[in-house]
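Take a walk through a protein chain with me. Keep the model open beside the text and find each residue as it comes up.

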Amino acid sequence: MKLNERSVAHYATCDSPADHAGFLRKRVERHHHHAHHYSTSYQRRWFVLKGNLLFYFEERESREPVGLVVLEGCTVELCEAAEEFAFAIRFDDAGARAYVLVADGQATMEAWVKALSRASFDYMRLVVKELEKQLEEACKSLAACRKSPRRSSSSGRKRHLSNPALLPLQEKPSILENGYSTWGSGGCIPDGAACPDHDGGQAKPPPLPPRRRSATGSATGSPAPSLSPAMLESPVSPDTICFSKLHNWYGQEIVVLRREWQERQKRGHL
């Protein structure tokens, strides 16, 4: 692969953000021809990762990189070396050079290994492919969620229409008997049907309130004491829905009857 040195050098030092940067020690092997052996040493370099290009400089303030590693067709792995916190960049091609780098600590080494492993286009292809798969599954799930409420609502509507007990109640004018609302006029049960009790049977409607005497006179023709407006109130009206008001309502009639009886007793003694 041929690279334009000027373009690469400009990209290495331009203001574009780096994916990772820091000092590492790079292993250098030198071959001594006269001694027929290799010597190993480590050089401290400033490394900058941009995309799939790993630049390294002699110093952090250097204007041009002294080397470049193209991170394609390679693997990043930990390696056994005399130095601690060492890892290597190895290429798939046989005979290709391996770069052995040493970090200053465990956290720094792990951060570099992670960043370098994710720098290649091969890794980006895998990521894009996985994201496309997740997007497809999310679209299918969303489409299923959009369809399911309509199916459930339509099925619920069918069940609603097939069960007469779930039909909406019809508003009917109150049926009055002797000035009071009857059981069938409450509006809770259509067509005056009896309400089912907790045991599954049909509960009987409560008895109608007793027919009241005329407010102008009693059964004997004697004028009856005037009744309070509260006594003329229906026991099933909203104002007398609680038990205490119902008790007071019926109790007032008893008081009137007792007073009439006491008056008749007095007239009999006279």
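Start with strand S3, where five of the five residues are buried, so S3 is largely enclosed by the rest of the structure. Buried means under 20% relative accessible area, exposed means over 50%, and partly exposed lies in between (1.4 Å probe, protein chains only). Helices (H or I, at least four residues) and strands (E, at least two) are DSSP runs, numbered from the N terminus. Before going on, note that this is a predicted model, in which local features need pLDDT of at least 70 and side-chain atom pairs count only at pLDDT 80 or more, while totals for chains, interfaces and linings use all residues. Residues are numbered from 1 along each chain as its sequence is written, and side-chain values use heavy atoms, with hydrogens and water left out.

Look at S3 residue by residue. Leu53, Phe55 and Phe57 point one way. Leu54 and Tyr56 point the other way, and all are buried. Side chains alternate between the two faces of the sheet in a regular strand. S3 also has a partner: it pairs with strand S4 (residues 67-70) in the antiparallel sense, over four bridges. Two strands pair if DSSP finds at least two bridges between them. Opposite Tyr56 stands Gly67 in S4.

Now step back to the whole chain. The secondary structure comes to four helices and nine strands. Along the sequence the pattern reads α-β-β-β-β-β-β-β-α-α-β-β-α. The chain has 270 residues, and 22% of them count as buried.

Which residues touch the most other members of the largest nonpolar core? They are Leu49, Leu54, Leu71, Phe87, Ile89, Trp112 and Leu116, out of 19 residues in this core. At least two residues come from each of strand S2 (37-50), strand S3 (53-57), S6, S7 and helix H2 (106-117). H2 gives the most, with five residues. A nonpolar core is a set of buried Ala, Val, Leu, Ile, Met, Phe, Trp, Tyr and Cys residues joined through side-chain atoms within 4.5 Å.

Move on to S6 and S7. Strand S6 (residues 86-91) pairs with S7 in the antiparallel sense over four bridges. Phe87 has Leu101 in S7 as its bridge partner. In S7 (residues 99-102), Tyr99 and Leu101 point one way, Val100 and Val102 point the other way, and all are buried.

Phe85 sits in the loop between strand S5 (74-78) and S6. Its phi is near 65°, a positive value in a residue other than glycine. Phe85 counts as partly exposed, at 22% relative accessibility.

Next come the charged pairs. Side chains of opposite charge can pair when their charged atoms come close. A salt bridge is a side-chain nitrogen of Lys or Arg within 4 Å of a carboxyl oxygen of Asp or Glu. By this rule there are five salt bridges.

One joins Arg25 and Glu83, with the closest N and O atoms 3.4 Å apart. This pair links distant parts of the chain: Arg25 is in strand S1 (residues 20-32), Glu83 is in the loop between S5 and S6, and they are 58 residues apart. Arg25 is partly exposed at 25% relative accessibility, and Glu83 is partly exposed at 28%.

Glu77 and Arg90 form another salt bridge, at 2.8 Å from N to O. Here strand S5 holds Glu77 and strand S6 holds Arg90, 13 residues apart.

What about Lys140 and Glu136? Their side chains meet in a salt bridge of 3.6 Å, N to O. Both residues lie in helix H3, four residues apart, about one turn of the helix. Lys140 is exposed, with a relative accessible area of 57%, whereas Glu136 is partly exposed at 45%.

Last, check the cysteines. How many disulfides does the structure hold? The count is zero. A disulfide is a pair of cysteine sulfur atoms within 2.5 Å. Cys79 is buried at 18% relative accessibility. Cys145 is partly exposed, with a relative accessible area of 47%.
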